[in-house]
Structure formats: C-alpha cells, structure tokens
Amino acid sequence: MTFTDPMTILTDHVGTLAEDGYRRRRDADLARITAAGRAPARADHRILPAQRRRTRPILAGVAVAAAAAVTAGVLALPGDTPRHGRATPPVSTPLDARSVLLAGAEYAAKQPATAHGAYWYSQIRDVERARQRRKGVKGHGTLANGAPRSGPYFPFHAYVSITWENWDPYQQGRPSRTVDRDIQTRFATPADKAAWQRAGSPSLTDMKPFSADSHTDDDPYLELGPKGTTMAGLAKLPTTAAGLRRMVQADRNRRIAELRKYHAQSQELSLTEDILDAGVAVINAPAPPKARAAAYRMLAAQKGIRGIGPARDGLGRSGVALAVRIEEHTLHGIQRSEEHLIIDPGSARILAFEYYPIGADGTVASEPDHSTLMITDGWTDRIGVPSHD
C-alpha cells in the first residue's frame with residue numbers, strides 16, 4: 001500500500017480550488033491581453049538588444065547551455081521599425097500573471113503528444129550590449145569561439161548579435177552539434193557610431209564563427225533530479241505542479257548542502273529563480289504536454305512573478321510580458337536586474353527573454369542590456385539538418 005502525506009493531498013486540493021477561481025475570468029483576461037498585444041510597437045529611436053548569453057543552471061550539456069532560449073532575428077537599424085515595444089494596459093484592469101500562466105498550462109495540456117526524432121533542433125539569436133575587455137584579460141578568452149566580454153560597457157551604445165544552432169541527440173552516446181554564426185554589430189544611433197569612430201573604432205567583440213560536434217555520453221539534458229534528466233527521461237517528469245516543485249526543491253537542497261561543504265557562506269539563487277529556471281527549461285524542452293503544463297502551473301503558483309502588460313519581442317511578435325527580479329552574486333559584486341519573459345498566451349510558447357539592469361537607486365533601465373528571441377525548435381532525423389516545425 002502506498003501512503004500519501006495528507007498535507008500533500010491538501011496542498012494539491014487547495015491549488016485546484018484556487019485554479020478554478022482564476023478560470024472564471026481567464027477568457028476575459030486573454031481577450032483583453034491579445035487585443036492589447038496587437039497594438040503597434042512604440043516609436044523608439046534606439047535598437048533594443050535581444051538577451052545575453054546567460055546559462056541557466058537547470059540545463060546541462062554542451063549545446064544545451066543555449067537551448068534554454070531558442071532564438072533568431074535581425075537587428076534593426078536606426079530608422080527601421082522598432083524591434084521591441086510594450087503597449088500599456090488599462091490601469092483599471094492590471095495584468096494577472098497567474099491567469100496568463102494558467103492559460104498557457106491549459107493550452108499546453110491539450111496539445112497532442114508527438115513522436116520523437118533523432119535530434120532536437122533549436123535556433124537562438126542572442127544580442128547583448130557591447131562591452132570593453134576587462135583589464136588584464138588578453139586574447140579571445142578561453143572558449144573556442146571567443147568568450148563574451150565581462151568588462152564595462154562602452155560609453156556609446158553598440159550591440160553584438162550571434163545566432164546559435166543546436167542539435168541535441170535523443171539517444172545518449174550520439175554526438176551533439178553546436179554552430180555559432182552570423183555575428184553582427186550594430187549601433188543604436190548614428191551619433192553612437194560617430195562616438196565609436198572618435199574612440200579609434202575599437203573591436204566590439206571577441207566572438208567568431210564556430211562549429212563543433214561533441215560526445216557527451218553521460219551528460220543529462222536537464223539538471224533535474226538526482227542524476228539529471230536525459231532526453232528520453234523527459235517522459236518521466238512529474239505531471240503535476242506540486243510534483244515538479246518537489247523535484248526542484250529536492251535538487252536545491254542537495255545543491256546547497258554540497259556547496260556548503262566547501263564554502264559556508266556560499267550564495268544561492270532565490271527559490272523563485274530556481275523555480276523560474278526549472279519551469280522555463282521544461283517548457284522549452286521537448287517534454288510531454290502534461291509535463292509542460294505542470295511547469296506552467298508551477299510558475300503560476302510561485303510568488304514574485306508579476307504581469308507587466310502586452311509586449312512585442314524583437315521580431316515584432318505580440319505577447320504578454322511577465323517580470324521577475326533577480327540577484328546574482330558574481331566575482332565583481334552583486335548584480336541586480338529584472339528578467340522579462342514574453343509569452344504568447346495563444347500558443348503557450350515563450351517568445352523571448354529580456355534582462356533590464358537595476359541601478360543603485362532601484363530604477364529599472366528603460367532598455368534591456370541582453371535579450372534572447374525564441375523562434376524555432378523541433379525534431380529532425382539528421383544532425384546538421386534543421387527541423388521543419
């Protein structure tokens with residue numbers, strides 16, 4: 001006989017009742033959200049960068065560091081149609097992040113399960129504001145294609161973009177492939193380009209085109225569970241928000257215990273960030289519909305995620321922006337920012353990630369310093385061949 005903790009039953013039951021309450025107004029919310037999302041993008045004279053190469057700790061593997069955000073796009077030049085804009089929703093009807101996420105869960109749960117292919121293909125377009133080399137660092141970094149810089153921003157506004165393509169095998173033991181290409185630099189305005197020229201036209205990036213196959217026989221696809229989750233293991237992920245949250249919490253407890261063996265004052269991400277990372281990783285993975293729905297419901301139940309309003313991503317696609325405050329402890333101090341997720345509530349897809357710096361006075365920047373657009377992914381039977389989804 002299997003014994004179930006009564007508190008677990010009660011928690012799941014209360015969550016179901018709360019969800020029923022939100023469902024009553026969800027249709028009206030979505031009608032308002034999608035209507036507002038079709039508003040034209042704002043007139044902005046600066047291009048907005050599309051997100052930094054931020055490796056989510058929930059992902060594992062060589063190519064998977066990029067798979068959390070699947071993107072492609074073209075940087076706009078000054079005078080072009082703005083890449084990104086956010087319409088302001090009516091003040092009397094504030095956006096309810098929980099309703100948006102629960103609507104995404106409903107849509108995801110209704111999708112048919114699909115057969116897997118040999119490789120999961122994803123494409124990424126990543127853009128970040130150009131940085132100077134940090135003093136004392138020479139050459140092109142330690143990565144084969146050049147390390148993204150970590151020094152201070154240039155005094156002018158310039159942006160560097162790169163496209164990634166990834167092929168992750170369903171069967172462990174097969175090679176994975178990562179291709180970095182289409183590296184571009186752009187200036188926000190002609191005045192910024194002139195300032196760059198006056199500074200001696202310094203190099204804006206150390207990155208360069210790169211392609212490599214890797215054999216990662218033992219690497220899991222997601223860092224979920226005691227030994228991680230393989231591509232095949234995605235089918236065994238929890239199908240309830242409570243079950244997925246327990247897995248994330250157990251992973252967090254193990255990680256903290258391991259870190260504190262070596263450093264008593266080790267800094268950890270907040271629980272909200274761990275929940276966010278895990279939820280986004282499952283939503284973007286080729287997980288079964290019920291598991292992706294569980295990830296959306298887990299995010300819906302997590303405090304600290306708030307709605308902002310209708311938004312357009314870097315490709316002009318309409319969606320809804322949700323925000324989370326994040327705090328990272330780095331070698332150079334504490335970095336605070338606000339992460340925005342742009343979700344298409346009609347397809348339960350995450351369209352983009354944007355990172356807005358937060359100043360010492362607590363003010364959130366009007367433009368992101370990094371963004372990522374998620375444009376395409378899907379199964380393919382051959383490495384090197386994109387999916388047709």
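Biologist: What covers the buried residues of helix H4?

Modeller: The cover includes strand E4 (176-187), where contact means heavy atoms within 4.5 Å. Helices (H or I, at least four residues) and strands (E, at least two) are DSSP runs, numbered from the N terminus. This is a predicted model, in which local features need pLDDT of at least 70 and side-chain atom pairs count only at pLDDT 80 or more, while totals for chains, interfaces and linings use all residues. Residues are numbered from 1 along each chain as its sequence is written, and side-chain values use heavy atoms, with hydrogens and water left out.

Biologist: Which residues of H4 are buried?

Modeller: In H4 (residues 190-198), they are Asp 192, Ala 195 and Trp 196; buried means under 20% relative accessible area, exposed over 50% and partly exposed in between (1.4 Å probe, protein chains only). These three lie on the same side of H4 because they cover an arc of only 100° around the axis, taken from the directions from the helix axis to the C-beta atoms.

Biologist: And which are exposed on the other side?

Modeller: Pro 190, Ala 191 and Arg 198 are exposed there. Just after H4, Gly 200 takes a positive phi of about 95°.

Biologist: Moving on, how many helices and strands does the protein have?

Modeller: There are seven helices and ten strands. Of the 389 residues, 49% count as buried. Among contacts with a separation of 6 or more, 71% come from residues 24 or more positions apart.

Biologist: Which residues touch the most other members of the largest nonpolar core?

Modeller: Leu 101, Leu 222, Val 282, Tyr 296, Leu 322 and Ile 350 do, out of 45 residues in that core. Such a core is a set of buried Ala, Val, Leu, Ile, Met, Phe, Trp, Tyr and Cys residues joined through side-chain atoms within 4.5 Å. Elements that each supply at least two of its residues include H3, H6, H7, E9 and E10. Another core, of 13 residues, lies apart from it, with Phe 154 and Phe 156 among its members.

Biologist: What does Tyr 296 touch?

Modeller: Beyond four places in sequence, its contacts include Leu 101, Ile 283, Ala 348 and Ile 350.

Biologist: Ala 348, then: buried or exposed?

Modeller: Ala 348 counts as buried because its relative accessibility is 1%. It sits in the loop between E8 and E9. Leaving aside neighbours within four places, Ala 348 contacts Gly 104, Tyr 107, Ala 108, Ile 283, Arg 292 and Tyr 296. Ala 348 and Leu 102 are 246 residues apart in sequence, yet 9.7 Å apart in space, C-alpha to C-alpha.

Biologist: How much space lies in the second largest pocket?

Modeller: About 860 Å³. On a 1 Å grid over the protein atoms alone, a pocket is an open set of points where a 1.4 Å probe fits, with protein on both sides within 12 Å along at least five of seven lines; lining residues have an atom within 4 Å of a point.

Biologist: Which of the lining residues lie nearest its centre?

Modeller: Thr 114, Trp 120, Pro 286, Ala 287 and Arg 292, out of 32. E10 gives the most to this lining, with five residues.

Biologist: Last one: where is Ile 358?

Modeller: Ile 358 is in the loop between E9 and E10. It is buried, with a relative accessible area of 17%. The C-alpha atoms of Ile 358 and Glu 338 are 7.0 Å apart, across 20 residues of sequence.

Terms used
Points joined across faces, edges and corners; volume = space filled by probe spheres on them.
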